[in-house]
Structures are given as structure tokens and as C-alpha cells.
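Hello,

Here is the structure I promised to hand over. Please open it beside this message, and then read on for what turned up in it.

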Amino acid sequence: MSIPFSNTHYRIPQGFGNLLEGLTREILREQPENIPAFAAAYFENLLEKREKTNFDPAEWGAKVEDRFYNNHAFKEQEQSAQEKSQTSVKGEDIEDIPGNAEELEEEEKEKEESAAVKIQAAFRGHVAREEKKIRILEDQ
């Protein structure tokens, strides 16, 4: 996410928004007198919990955000679960079953071709819009 109405293009790090939301929630809940000291104590507590449990809320928040926007964050977990369930079919590897590897390759090729068509269409649209802008500027 970039900062709107700015000449710079800074990117907000993934998970940072989640950390700030947690801090904000605790500040509103506790209503501390000294907010910077409270924030320092909050983050110290968060670091201690992360070291003890190996659970990073920033990383988790980034995955949750990614899942809602483009659904890439949890694919590794889903793929590993699918691979485990598909690797053995009555003691045989899925690659050993005749025709199965070919079907998977064809499916991959179809996905790649579909993606290529979409990319080409988007690029052609971009080129057409740029040419139209140039024509409009020349007419003025």
C-alpha cells in the first residue's frame, strides 16, 4: 500500500499495520497517561512473547492481509497438505500412475497460456491508451 497524495512511493511493510492496530487497541483499552512509555512496554512484552512461543504477530498479520488481498500467503501450507494427501495412493507415488503426470503438465500449460493471454491483453490495452493520449495531446 503506498501513501496517497505523496510524490514519494514509500511502501508500508507487511504486518506493520497489524502491529499498529494491536497497539492502538491496547491504548484505547488502557487509556495510559504516558503513551510512548506504554508503547515501549507493549512492544517489549510482544518481543518476549515472540521469543518464548516463536509466534510473530507481524508475520501472521502479513499473511492474513495477503490472504484477503491475493490469497498467496497460505498456499504453501495448503500445497504441502495436498502433496501429503496425494503422494500415496495405495502405497504408490502419484507420479507412478500412468497418465497422471501428463494430465498435470497439460493443466499447468493451460494455466500458463491463460496467464500469458491476460498479460498480453493488459499490455495491448496499455499501449492503446498511451497512443490515444498521444493523439489527444497532438490535437491540442
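This is a predicted model: local features need pLDDT of at least 70, side-chain atom pairs count only at pLDDT 80 or more; totals for chains, interfaces and linings use all residues.

As for the helix itself, H2 runs over residues 35-53. Its 19 residues should span 27 Å at 1.5 Å a residue, and the end C-alpha atoms are 26 Å apart, which agrees. Asparagine 54 follows H2, and its phi is positive, near 60°.

Now to the aromatic rings. How many aromatic pairs does a search of the whole structure find? The search finds one. Its partners are tyrosine 42 and phenylalanine 43, with ring centres 5.3 Å apart and planes at 70°; the pair is therefore edge-to-face, since planes over 60 degrees apart count as such. Tyrosine 42 has a relative accessible area of 18% and is buried, because the cut-off for buried is under 20%. Phenylalanine 43, with a relative accessible area of 30%, is partly exposed.

The other helix to look at is H1, which covers residues 16-30. From its first C-alpha to its last, H1 reaches 21 Å with its 15 residues, close to the 21 Å expected at 1.5 Å a residue. Its buried residues are Asn18, Leu19, Gly22, Leu23 and Ile27.

How do H1 and H2 pack, and at what angle? The angle is about 125°, and the axes of the two helices are 11 Å apart. H1 and H2 are therefore oblique to each other. The crossing in which H1 passes H2 is right-handed.

One last stop is the residue that follows H1, glutamine 31. Glutamine 31 is not a glycine, yet it has a positive phi of about 55°. You will find glutamine 31 in the loop between H1 and H2. Is glutamine 31 buried or exposed? With a relative accessible area of 57%, glutamine 31 is exposed.

Enjoy looking around, and write back with any questions.

Best wishes

Technical notes
Residues are numbered from 1 along each chain as its sequence is written. Side-chain values use heavy atoms; hydrogens and water are left out. Rings of Phe, Tyr and Trp (its six-membered ring) pair if their centres lie within 6.5 Å; planes under 30 degrees apart count as stacked, over 60 as edge-to-face and the rest as tilted. Buried means under 20% relative accessible area, exposed over 50%, partly exposed in between (1.4 Å probe, protein chains only). Helices (H or I, at least four residues) and strands (E, at least two) are DSSP runs, numbered from the N terminus. The expected span of a helix is 1.5 Å times one less than its number of residues. Axes are lines fitted to C-alpha atoms, for helices over the stretch in contact, and angles run from 0 to 180 degrees between N-to-C directions. Angles under 35 degrees count as roughly parallel, over 145 as roughly antiparallel, 65 to 115 as roughly perpendicular and the rest as oblique. A crossing is left-handed if the near helix is turned anticlockwise from the far one by less than a right angle, and right-handed if clockwise.
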